[in-house]
Amino acid sequence: MKNTLLALMVFALTGSVQAQLSDTAIRNAYYSSYRYDKAQNYADAIKAMSPVLAAFPDGYTANLRMGWLHYLQGGFSTARHHYEKAIKVAPYSIEAKLGIMLPLLAQEKYEEVESFCKMVVRIDPNNYTANLRLTYALRLQKKYDAAEEIATRLLAYFPTDVSFLNEFGLLKVAKNDRDRAIRVFNDVVILDPENIVAKAQLAKLVPATR
């Protein structure tokens, strides 16, 4: 029986002829890719994965992996291409949708990020990452009320989460609610004394603390 990883790649093939690549070759390619990735040698990590992608050009796992590596390398358009192929193979995949958000965020394509976030939230309404990124994308599009609604809802589940607290505080800054923003960022600094975002905002909001 084929291992799970190989099965995921095989079911994604188009056409009736399966490419020939042994399980051992696949494992070695992934091992080398992860090793280079850990060393931040993304070019060689991509090169190590190339035989797998060549054998399974429409494979889910290969494209998901290539999307991540090209994102790390700064090839955002190529990363998006691979994530899109992965999504085409597995339309309900949450991980692929979360993945494609990364190059879109890097390119400041916040409207598209919003769209993918909402796709995930429709499947998993309380998904932490999708809701956090949706709050961020909405805020940067100046959709402050919608962003605040999401941040407030998620803070009910994660009351001490500094990422959502920072987003909530930044929304208060954007809406000129200075006093509430100060209270929120003070809370963040209590929870995370070295939090860069909160400290920077407090320095602006309360100049005497500089």
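Predicted model: local features only at pLDDT ≥ 70, side-chain atom pairs only at ≥ 80, totals over all residues.

**Notes on side-chain contacts**

1. With a relative accessibility of 33%, Trp-68 counts as partly exposed, a class that lies between buried (under 20% relative accessible area) and exposed (over 50%), computed with a 1.4 Å probe on protein chains only. Tyr-71 is likewise partly exposed, its relative accessible area being 22%. Both residues lie in helix α4, 3 residues apart, which is about one turn of the helix; helices here are DSSP runs of H or I with at least four residues, numbered from the N terminus.

2. Residues are numbered from 1 along each chain as its sequence is written, and side-chain values use heavy atoms, with hydrogens and water left out.

3. A search of the whole structure finds 6 aromatic pairs, where rings of Phe, Tyr and Trp (its six-membered ring) pair if their centres lie within 6.5 Å, and planes under 30 degrees apart count as stacked, over 60 as edge-to-face and the rest as tilted. The rings of Trp-68 and Tyr-71 have centres 5.8 Å apart and planes at 35 degrees, so this pair is tilted. Ring pairs also bring in Phe-76, linking Trp-68, Tyr-71 and Phe-76 into a cluster.

4. Is Phe-164 buried or exposed? At 0% relative accessibility, Phe-164 counts as buried, whereas Tyr-128, at 27%, counts as partly exposed. The rings of Tyr-128 and Phe-164 have their centres 5.4 Å apart and their planes at 85 degrees, so the pair is edge-to-face. This pair links distant parts of the chain, with Tyr-128 in helix α8 (residues 128-140) and Phe-164 in helix α10 (residues 162-174), 36 residues apart.

5. One charge placed over a ring also deserves a look. The charged end of Arg-35 sits over the ring of Tyr-36, 5.0 Å from its centre; the criterion is that NZ of Lys or CZ of Arg is within 6 Å of the ring centre and within 35 degrees of the ring normal.

6. Side chains of opposite charge can pair when their charged atoms come close. In this model the count comes to 12 salt bridges, each being a side-chain nitrogen of Lys or Arg within 4 Å of a carboxyl oxygen of Asp or Glu. One of them joins Lys-85 to Asp-58, with the closest N and O atoms 3.3 Å apart. Lys-85 lies in helix α5 (residues 76-89) and Asp-58 in the loop between α3 (42-55) and α4 (60-73), so the pair ties together parts that are 27 residues apart in sequence.

7. How far apart in space are Asp-58 and Lys-85, C-alpha to C-alpha? The separation of Asp-58 and Lys-85 is 6.8 Å, and Lys-85, at 23% relative accessibility, counts as partly exposed.

8. Asp-179 forms a salt bridge with Arg-178, and here the closest N and O atoms are 3.8 Å apart. Asp-179 is partly exposed, with a relative accessible area of 49%, and Arg-178 is also partly exposed, at 42%. Elsewhere, salt bridges that share partners join Asp-145, Glu-148, Lys-172 and Lys-175 into one network.

9. The last point concerns Gln-201, which is found in helix α12 (residues 196-205) and counts as buried at 13% relative accessibility. Leaving aside residues up to four places away in sequence, Gln-201 touches Leu-170, Val-173 and Phe-185, contact meaning heavy atoms within 4.5 Å. Val-173 has its place in helix α10 and is partly exposed, with a relative accessible area of 29%. The C-alpha atoms of Val-173 and Gln-201 are separated by 8.8 Å, although the residues are 28 apart along the chain. With the same exclusion of residues up to four places away, Val-173 touches Ala-181, Phe-185, Gln-201 and Leu-205.

Terms used:
Helix = DSSP H or I, 4+ residues; strand = E, 2+ residues; numbered from the N terminus.
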